Amino acid sequence: ADVGSGQDEVIEFAEFVEPVPVGTEPQEGGSRAESFRAQTLIARNSEDVSDARAFYRRTQLDDESANQNCFFDSSYDKHLRAVALRVLAQEAPIREDVLARQVARAHGFNRMGSNIRSRILELLEGVFATEESTGRFLWTGAAARPEVDFRFAASEDDRRSVDEIPLAELSGLIRANRRLLKADDPPVTYARLIGLARLSQSARERLAEAITFVRTQSDDSRT
């Protein structure tokens, strides 16, 4: 779930959901997993959305905790880089701290300090990266693409916060479902489409950023 901090306004989607065609309706106070399943059913049964579906799955890394003691040794560079590249190959484009956190957890680190993060990322110096409003994203290949297919969460455990999704992927979602731009509140509509159970102000702003980007690109193509 995407959770804001401080005074970050949060919208609960219990206010917006419609009955799901298969008879499953999300109940206020229900579990996060139930809400996720119900929102996904709403999205997948909508007549206004694209039928094309790609899915995001977190990498299932081997347990590397036995190698924790040699984590910072130069002799471990090759293997550590290989573990990081495995995540990159499956999940790119991916925000760099998300990749580093998965590698750290595989090594038994419950918390990722700056030294652990730097250790992992310094081995990926040759990887192409883009700077965005929500962080630095790593890509496979020699360059970033301006737009990629949106990857829906394959399961509850594979959910990403909106801040963890690159602008190119959010743009792909919006362009594939352009009719939803006519909704009364497009950020809420797209948030429901990707299965979010709640929408924080920061997530709303990120979706609005992507919507503005797509609209600007469309305007530029007509001039």
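The model is predicted: local features need pLDDT of at least 70, side-chain atom pairs count only at pLDDT 80 or more, and totals for chains, interfaces and linings use all residues. Residues are numbered from 1 along each chain as its sequence is written, and side-chain values use heavy atoms, without hydrogens and water.

Helices (H or I, at least four residues) and strands (E, at least two) are DSSP runs, numbered from the N terminus. Three strands make an open, antiparallel sheet in the order 3-5-4. Its edges are strand 3 (94–95) and strand 4 (129–132), each pairing on one side only. Strands pair if DSSP finds at least two bridges between them; strand 4 and strand 5 (residues 135–138) have four.

Helix 3 (residues 96–106) is mostly covered, with nine of its 11 residues buried. Buried means under 20% relative accessible area, exposed over 50%, partly exposed in between (1.4 Å probe, protein chains only). Among the buried residues are Val98 and Leu99. After helix 3 comes Gly108, with a positive phi near 85°.

The structure holds three aromatic pairs. Rings of Phe, Tyr and Trp (its six-membered ring) pair if their centres lie within 6.5 Å; planes under 30 degrees apart count as stacked, over 60 as edge-to-face and the rest as tilted. Phe71 and Phe109 are edge-to-face, at 5.0 Å centre to centre and 70° between the planes. Phe71 lies in the loop between strand 2 and helix 2 and Phe109 in the loop between helix 3 and helix 4, so the pair ties together parts 38 residues apart in sequence.
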